[in-house]
Structure formats: structure tokens, C-alpha cells
Amino acid sequence: MPPARTPTGPLVAFDFDGTLTVADSFTAFLRWREGAVGWWTGLASLAPATARYLVDRDRGRIKAAAVERFLKGVPTDQLSAEAERFADAVWDRFMRPDALACWEDWGRKGAHRVIVTASPALTVAPFARRLGAEALIGTELEFDAEGRVTGAFVGENCRGQEKVERLIRAYGPEAELEAAYGDTSGDAEMLARAAHPGFRRFRQKP
């Protein structure tokens, strides 16, 4: 779902995790995929990375460690199929009704709605398609020559200023955000560029 450089309507950006959803989607996906035993065993093995995060607060580094622990070696088509099944399984209890209403309202206004998320674009893609998003920007997983997850990212973790940089690369430096919605400090730079920023605007649960 590559971004279009010249949107035909107002450009509106939505964070995904905690904004359109009630929880972090990537963590929920990994727990769903691994099951209880696999999840807790994996977390135990990530103790050194967790301890390092408490010092450096590098979200990208700890996310990469989780990708390497839980997904390294998984083929692209398998991971995509699992992401589809996960979205189907959790949709009804995962999406915020008031956020969906805002999303649909912008759609009726002819907006170009782009999801900008720190979660892997591959795992968010089924949600984006179901929403009818015009574009999706997210953290990109790296795949080897055989199409298997390497455990690394292509580029930076899509958070903070990186969200703005990715929007600029997609739509150009002169593109103006009519509105943007987010719920954490990782959305601050994106919201600052919007004519109508919405911070923690959505609170409803399914």
C-alpha cells in the first residue's frame, strides 16, 4: 500500500497503536502467534535487551530484538497470512469505535487517510486494507534473498521525527497535514505539523 505523492483530498494522518486500536498491535500479534508458553519463554530470553532498554530507552532496538527472537526466519508469505488471521480474530475487540467514526468521517470528506505507525507495516497491512486506508507507512522488516525475516529493519523505527521524515519522503516537503491523530510522545512531531492535531482524542473501547 505505497503512499501517493499527490493526494486528491485533505491529507490526514492516523497513528495506529493506541489511537485506532485499544492496545499495541505488534505485541498483541506476537502473543497471539506464540501462545502463552512461547510468549513468556521468549520474553525471558529478552531480559538482557529489556535491561538495556531501561538504560537507553531505544524503542527501535528493543523492537528489533523482539523481531529477531520471535520472527527471524519466518517466510514473508507465512507472516502475511498470519497477520491476516490475526486481524480477523481481534478486529471486533481491538478497534476504537470513536476512532473508526472519525476515520469514516474523513473518508466521507474525501480525505487521503494515511496510517503512520511504528509497528511493522506488514502486520498492520490487513487492518489498513480493511479500513480502506489510502496509504500505510510503518516500520519495514528486512527480508533475506529467500524472503525470510532477518531480524533487522530496513531504515529506522517509524517513531517520533521519523514519522515526519517518512511523510515528507512520501508526499514532499510542501505537503500539509490537515489533521493528525496520536496518543504518545512518539506522535508529537507529526501532530505538530497538522493544522488540526488530535492528541488522545479517542478513548472508547469496543
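This is a predicted model: local features need pLDDT of at least 70, side-chain atom pairs count only at pLDDT 80 or more; totals for chains, interfaces and linings use all residues.
**Ground rules.** I number residues from 1 along each chain as its sequence is written, and I use heavy atoms for side-chain values, leaving out hydrogens and water.

**Aromatic pairs.** I searched the whole structure and found twelve aromatic pairs, taking rings of Phe, Tyr and Trp (its six-membered ring) as paired if their centres lie within 6.5 Å, and calling planes under 30 degrees apart stacked, over 60 edge-to-face and the rest tilted. One of them joins Phe29 and Phe86, edge-to-face, at 5.5 Å centre to centre with 75 degrees between the planes. Phe29 belongs to helix α1 (residues 25-45) and Phe86 to helix α4 (residues 76-94), so this pair ties together parts 57 residues apart in sequence; helices here are DSSP runs (H or I, at least four residues), numbered from the N terminus.

I then checked burial, where buried means under 20% relative accessible area, exposed over 50% and partly exposed in between (1.4 Å probe, protein chains only). Phe29 is buried at 1%, and Phe86 is buried at 2%. Phe86 also pairs with Phe94, and because the ring centres are 6.1 Å apart and the planes at 75 degrees, this pair is edge-to-face. Phe94 is buried too, at 6%. I noted that Phe16, Phe29, Trp32, Phe86, Trp91, Phe94 and Phe127 form one aromatic cluster.

**Helices α1 and α4.** Their axes, which are lines fitted to C-alpha atoms over the stretch in contact, with angles from 0 to 180 degrees between N-to-C directions, come within 10 Å and cross at roughly 110 degrees. That makes α1 roughly perpendicular to α4 (65 to 115 degrees). With contact meaning heavy atoms within 4.5 Å, the residues involved include Phe29 and Trp32 of α1 and Phe86 and Phe94 of α4. I counted eight nonpolar, two polar and three charged residues in this contact, with Ala, Val, Leu, Ile, Met, Phe, Trp, Tyr, Cys and Pro as nonpolar, Asp, Glu, Lys and Arg as charged, and the others, Gly among them, as polar.

**Pro126.** I located Pro126 in helix α6 (residues 121-131), where Pro126 is buried with a relative accessible area of 5%. Leaving aside neighbours within four places in sequence, Pro126 is in contact with Ala83, Glu84 and Ala87. Pro126 and Ser80 are 46 residues apart in sequence, yet 8.4 Å apart in space, C-alpha to C-alpha.

Methods:
Helices (H or I, at least four residues) and strands (E, at least two) are DSSP runs, numbered from the N terminus. Angles under 35 degrees count as roughly parallel, over 145 as roughly antiparallel, 65 to 115 as roughly perpendicular and the rest as oblique.
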